[in-house]
Structure formats: structure tokens, C-alpha cells
Amino acid sequence: MIQATINQKPVTVPEGTSILQAARQVQVKIPTLCHHPDLPPTAACGICIVRIEGTKKMLRACCTPIENGMKIITHDPEIVEVRRTVLELILSNHPNDCLKCGRNQSCELQNLAADFGIREELFTKFIGGIPKDDSTNAFVIEPDKCIHCGRCIEICQEIQGVWALSFLGRGFNSRFAPAAGQKVGDSPCVVCGQCASHCPTGAIFEKDDTLKVWQELQNPDTFCVVQIAPVVRVAIGEAFGMPPGTNATGKLYTVLRRLGFNAVFDTSFAADVTINEEATEFVERFVNGKGPLPLITSCCPSWVIYLEKQVPDMVDYFSSCKSPQQISGLLTKTYYAEKMGIDPSKIVVVSIMPCTSKKTELTRTEEMFASGYQDVDYSLTTRELARMIKQTGKDFVNLPDSEPDHMLGDYTGAGVIFGTTGGVMEAALRSAYSFITGEKLGALEFEDIRGLKGVKELSVEIAGRRVNVAVAHGLGNVMSVLNRVREARAKGEPSPYDFIEVMACPGGCAGGGGQPYGVTDDIRAKRAQGLYQDDRDKQFRLSHENPYVQKLYAEFLGEPLSHKAHELLHTHYVKRMPG
Amino acid sequence: MEAVSLERAESIVAKWKNKKGNLIMILHDVQDAFGYIPEHVARRISRLLDIPLARIYEVLTFYHYFKLNQPGKYKIAVCMGTACYLKGSPEILEELKTILHVEEGATTSDGLFYIECVRCLGCCGLAPVMAVNGTIYGNLKKGDVVDIISRYSKEG
């Protein structure tokens with residue numbers, strides 16, 4: 001243990017603790033800008049400087065481990081003045097667009113400028129004038145708003161292993177952009193949006209589709225339907241001051257109706273449908289040998305893009321089942337429209353997703369138009385919905401609860417845990433076990449594949465055979481799993497895994513790129529806990545036990561993997577050449 | 001043409017394949033071979049070494065030495081060292097840019113001339129100085145530039 005003092009108060013911390021972390025012991029918050037708890041310190045900004053008592057020397061608290069006997073001063077007039085100057089220098093290269101910037105009131109730079117009372121611009125303004133990059137449907141990059149903190153690069157390269165963004169040039173001319181002058185849409189980018197959710201400013205910001213949705217809601221000729229993704233319910237409350245993980249399902253249904261949606265569905269219902277298809281697909285492959293193992297989940301569109309671009313030799317392992325977003329939209333414009341006698345051409349489906357990538361999934365292949373129309377018309381992130389709610393002055397926290405519209409709205413516990421890493425696998429195993437054995441699992445909870453460990457493994461026995469599964473989240477963790485499959489394949493051995501779940505974002509959808517800002521592992525875990533609690537509270541906790549799903553199959557689809565189900569609920573993937 | 005350059009790039013990669021820190025050495029050899037780093041060669045290197053293209057461009061853009069565009073047939077180096085600067089090399093540079101309609105660090109559209117600024121050509125006594133493919137022109141006056149350029153344009 002290290003013993004030192006911070007502002008004359010003794011601290012005792014484990015070796016390797018940074019001054020920044022140690023300061024929390026004495027209730028001091030050293031201001032930071034480039035630092036993010038998910039990422040190794042880049043020490044780019046210099047806001048967090050502190051002083052060794054009695055010396056002129058200033059150190060960066062984020063990247064300096066505290067040492068025995070160190071006497072740290074975190075705040076004195078000179079330190080505050082230096083911080084202010086650093087801030088003024090950063091602001092001299094930052095546009096004064098705050099009022100019309102997407103990050104207005106959620107910008108870390110703006111917050112610091114407010115805290116430090118910056119009232120004047122002492123340095124000559126220089127803005128690079130680098131054009132915006134809006135080459136994806138998911139987010140827009142505005143390099144002029146970049147403060148060169150390096151977070152997006154760290155998350156893209158080190159955590160996600162995607163390497164779409166790079167730090168090009170040096171010194172004053174450095175910039176973050178894809179290599180070789182590409183637009184981000186042509187780069188290896190998988191539009192996971194982690195760069196956007198980690199950016200301290202508005203330099204990377206989701207494409208805002210709220211205006212288009214408002215127009216649809218005001219159009220008397222349309223029938224607007226909304227679906228909410230599992231994990232949105234336990235995260236959106238954060239935008240209204242509720243603790244992370246608070247389950248706001250009932251309030252969401254209410255607020256969406258009050259925003260003007262004609263029907264409110266739950267994507268968790270479609271997740272139950274996905275599991276019926278995918279678990280059946282697994283049983284077909286595992287028991288009946290119809291198709292290669294491992295089966296790999298495909299509900300995460302960023303993961304689909306990644307595999308298609310980076311690991312094309314594994315595309316055949318993908319589950320052909322569409323994602324819950326797409327299934328919900330498709331069923332709305334077919335099954336629901338038919339039952340309710342609504343002209344599907346008049347239906348507008350809006351999805352609320354924790355995700356930026358879902359915006360690009362809407363038009364991924366021609367199969368996303370299986371209803372004869374675009375199955376889902378707009379996809380909004382959790383953050384966009386929070387803004388819409390605020391625009392209408394709805395007092396979200398105090399809204400009464402209500403029910404979803406039943407045909408495509410009621411979900412099981414298995415459907416709702418889709419929103420966290422390990423959840424899809426757990427839901428699929430629950431149903432697959434029943435499909436294979438005809439019995440119901442004794443214990444439904446698979447603790448081994450819960451939690452935030454990068455790669456989780458589990459071996460369960462089903463009908464005398466071992467099923468080996470792996471769950472990975474954060475794309476940077478994926479290749480170790482896939483390489484084990486490749487090695488076995490090269491040696492002609494059976495795959496070490498029968499079933500693999502991947503979600504692109506750290507924590508799965510709980511940490512999705514479209515979720516409220518400021519995510520940390522602690523918040524990811526709380527959101528996941530909110531979902532697991534919802535699961536425990538549900539009467540039905542297996543997807544195939546969902547009475548509305550059973551009705552859907554009886555009335556419309558036949559059975560899982562039926563001809564009709566294949567036509568409507570399944571898709572294909574492309575082996576794309578890496579760039 | 002692309003096939004030839006890729007073959008050449010592959011043999012360069014093969015030469016350095018198992019050496020530690022080989023990326024910079026490979027990029028040096030590629031630039032020596034082609035005069036710059038063509039994008040399709042960078043992509044091939046990325047695949048052969050399993051190094052992300054993003055990392056390769058981080059290296060390429062960090063070091064001024066590496067060129068991303070094909071240099072002109074005639075490389076004009078204008079000296080901006082102290083002596084040349086004081087003796088009027090900025091005027092020489094402006095004149096070149098006016099005559100050739102091209103900025104510093106770029107190549108004319110006909111691919112003939114490339115202008116770059118350098119710090120010292122080692123002959124300050126002749127200031128101001130510029131070099132065309134290594135041939136030194138000293139004691140320059142603004143009016144000399146057009147004659148020198150036209151000599152090279154005629155040769156094509």
C-alpha cells in the first residue's frame with residue numbers, strides 16, 4: 001500500500017493508483033477532460049494537473065501513479081489559473097456553436113468552461129474548417145469540434161479493435177479521421193457509436209432523426225407505431241435524473257402514447273420471436289446436423305458488419321434469423337396490419353434503440369423490406385427519445401404506468417435480457433433446452449455468462465450432450481474466441497464452441513452507443529441488473545411460453561423455421577472483402 | 001502498373017517480414033522504389049503484415065518524410081533556410097506557385113513539377129537557392145524562375 005497526502009490529508013491506496021483516483025479518498029474531484037474511466041489515460045489535455053507540495057513541478061493526475069510520501073496539492077490559485085489557461089487554449093480552437101450543438105448541456109468542455117467561469121476569449125480563434133463527414137446513417141463527424149482528447153481513437157482501436165479512426169498528422173495539424181482519405185462510411189467502421197458515446201464534445205454525434213419522426217406523428221394520414229428495445233427501459237430514466245437501472249417500462253409506454261404514437265409495441269416481444277427461431281436453428285444444427293457449428297448470434301448489426309468485413313470466412317456460422325428490431329417492424333406491417341385491417345402502406349414504424357448502428361440496419365439488405373415496405377422506417381437512439389420527451393414537457397418521472405399494445409407488446413423475461421451481454425445466449429439456452437428435452441430447465445439463470453468479463457464461457461449438459469458456449473462483448477474481445485474456432489477447424493477437430501453470442505459494445509446493448517452519456521462499467525452493470533430484475537419479476541421467463549408468441553405462430557407463421565418464417569424472419573449475409 | 005508495384009511491394013515486405021519494427025523500414029523501401037507510398041501498396045502492406053491501415057497512415061502522416069502523392073518528374077526544392085529566406089526565397093516560392101498554378105507540397109496537373117520547401121541545401125553562399133532534381137540554381141532573382149521552368153517544360 002502507498003501512503004501519501006493529498007491537500008494535507010493522508011491517503012492509503014494500493015500501488016499503481018493514480019493521483020486522480022487517490023484524490024477521491026479525500027473527497028476531491030480533480031477536473032478532467034480527456035480522461036474516461038473506460039480508457040487508459042492519454043494525458044492529452046492537461047486539465048488535471050496537480051502540484052507536489054513546495055515545488056513548482058506540476059504533474060498530470062490522470063497518468064501519474066501516486067508514490068510513497070508524495071505530498072500532493074490539487075488546488076491552489078496558480079493551479080486553477082493554469083487549468084483556466086489550458087481551457088482557454090482549447091476553446092480558441094473550438095467553435096462557439098454551443099447553442100445549436102447536439103451536445104449543448106451534455107458537453108464536458110462546456111461544463112468546464114461554465115465551472116471555470118470563462119467569460120472572454122483571450123486567444124485568437126482558429127478553427128480548422130475541416131468538412132463534416134456524414135457518410136454513414138448513424139452519426140456525423142465534425143472535426144472542427146474535436147479537442148484531440150483521443151478517446152474515440154482509444155475506444156475504436158483498443159477496445160473495439162475496429163481501427164476505423166486514426167490520429168493522422170502531428171502537432172497543430174493532427175486530426176482524427178479514417179486512413180487514406182476515406183470517408184468513415186468506406187472505412188472499417190461498424191457504426192457501433194462508441195466513439196460518439198465517449199466523445200466529450202459534439203465532434204461525433206448521432207444522426208438526429210427526431211424531426212422526421214415529429215413530422216410523421218403530425219401527419220394525419222399515417223398510423224405511427226413504436227417499439228422499444230429491451231435495454232432502453234432501464235437507461236432512459238438517467239436522462240431524467242433517475243438512477244441507472246431504474247425500470248421505466250410502464251412510463252415509456254405512457255409517454256410514447258402521449259407523444260402521439262397510435263400503437264406501442266415492445267421489441268422484447270420480437271426478441272421472444274427471435275429466440276423461437278434461433279433456438280430452433282441451434283437445435284437443428286446441434287442435434288440434427290443441419291448446418292455448421294458454432295451457431296453465431298446475429299442480432300447486433302455492428303457485429304454483423306464486423307464479421308462480414310473482417311472475418312468473412314465465418315459468415316456461414318451466422319444465425320440467419322433477423323434481429324428483433326426488424327422482426328417487430330415486419331410483423332407490424334404484416335400480421336398486425338392484417339389483423340387490424342390497417343393499410344400497411346400507411347404504417348410508420350419507429351424503433352427506440354440503445355444503438356446508432358440500428359439506423360443502418362433499416363436498409364441493410366432487400367430482406368429488410370420483406371413486408372413489401374421498409375419494415376422499420378426510423379430508428380431513434382435512447383438519447384433522441386429523451387430529447388423528444390423533453391421537448392413536449394412531459395414530466396417523465398411522475399408519469400403513470402401503462403400497458404403495451406398486446407399483439408406485439410408482451411414479453412417474457414428471456415426477451416428482456418436480450419439487452420445485456422449474455423442475455424441472448426441465456427434466453428436461447430432456456431428455450432433450446434426445452435426444445436431438445438421436452439422439459440423445462442430447473443434453474444433458469446446462467447450466472448457464468450452474466451457480468452462484464454470480456455469473454456465468458458459455459459458448458460451445459462442437455463440430454464446427455466455437452467453444449468459449449470462463449471459470450472463476447474466489446475469487439476476487441478471477439479477474435480480470441482473466433483481464432484479458437486479457426487484453429488480447431490484447421491486441425492479438423494470439432495469446434496470448441498457450439499454457440500457463440502457477440503454484442504459489439506462493451507456490456508452489450510446496456511452500454512450501447514446510443515445510450516445516455518457518461519457510461520461506466522458500474523452503470524452498465526446497473527442497467528443489466530435492472531433487466532435481470534425484470535426477468536425475475538415476469539410470469540413467463542421462456543420465450544416459447546409467451547402466449548402472444550404462441551398465438552402468432554398458430555395464426556400466422558406456422559412453426560419456427562417454417563417456410564413462411566424463413567421468408568419473413570430470416571436474412572442472409574455477405575462475405576465482404578476487407579478494404 | 002498496379003500489379004507491378006504490388007509485386008515489388010510484396011518482395012519488400014518479404015525482405016523485412018520477420019524483423020521487429022519492420023513497418024518503417026518497409027515504408028522507406030517502398031518510398032525509395034516508387035517515390036511515394038501509393039494507397040494500394042499501403043493496403044497490401046496492411047494485409048501482408050496484419051497491421052491496420054489506420055496504423056500505417058498514422059505512421060505515414062506523422063513523419064514528413066513519407067509522401068502520399070506521386071511526386072512530379074521534376075522536384076523543385078526551394079530553400080527556406082535563414083540566409084535564403086533573408087535574401088528573398090519567399091518571393092521565389094510565390095513566383096513558382098504563380099507560374100505553375102500549384103501549392104507547396106503538391107504536383108502540377110501534368111505530373112511534371114512538384115514544389116517543396118526545405119530548410120537548407122548547404123550552399124548558403126549562393127542564397128537564395130533552389131534545386132531541381134538536385135541541380136542547384138543560386139543567386140536567384142524572381143525573373144530567373146520562368147526561364148528555368150521553361151527549360152524543363154520543353155524537355156517534358
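Start by selecting B:His101, which lies just after helix 6 of chain B and takes a positive phi of about 55°; helices (H or I, at least four residues) and strands (E, at least two) are DSSP runs, numbered from the N terminus. This is a predicted model, in which local features need pLDDT of at least 70 and side-chain atom pairs count only at pLDDT 80 or more, while totals for chains, interfaces and linings use all residues. Residues are numbered from 1 along each chain as its sequence is written, and chains are lettered from A in the order in which they are written.

Next, step back to helix 6 (residues 89–100) of chain B and select B:Ser89, B:Ile92, B:Leu93, B:Leu96 and B:Leu100, which are buried (20 or more other C-beta atoms, placed from the backbone, within 10 Å of a residue's own). They lie on the same side of helix 6 of chain B because they cover an arc of only 100° around the axis, the arc being that of the directions from the helix axis to the C-beta atoms. Among the elements covering these buried residues are strand 1 (74–79) and helix 7 (144–155) of chain B.

Now turn to the boundary between the chains, where twelve residues of chain B are in contact with twelve residues of chain A (C-beta atoms, placed from the backbone, within 7 Å). Helix 3 (39–49) and helix 4 (53–62) of chain B each supply at least two residues of the side of chain B that touches chain A, and the largest share, eight residues, comes from helix 4 of chain B.

Notes: Two residues are in contact if their C-beta atoms, placed from the backbone, lie within 7 Å. The expected span of a helix is 1.5 Å times one less than its number of residues. A residue is buried if 20 or more other C-beta atoms lie within 10 Å of its own, exposed if 12 or fewer, and partly exposed in between; C-beta atoms are placed from the backbone.
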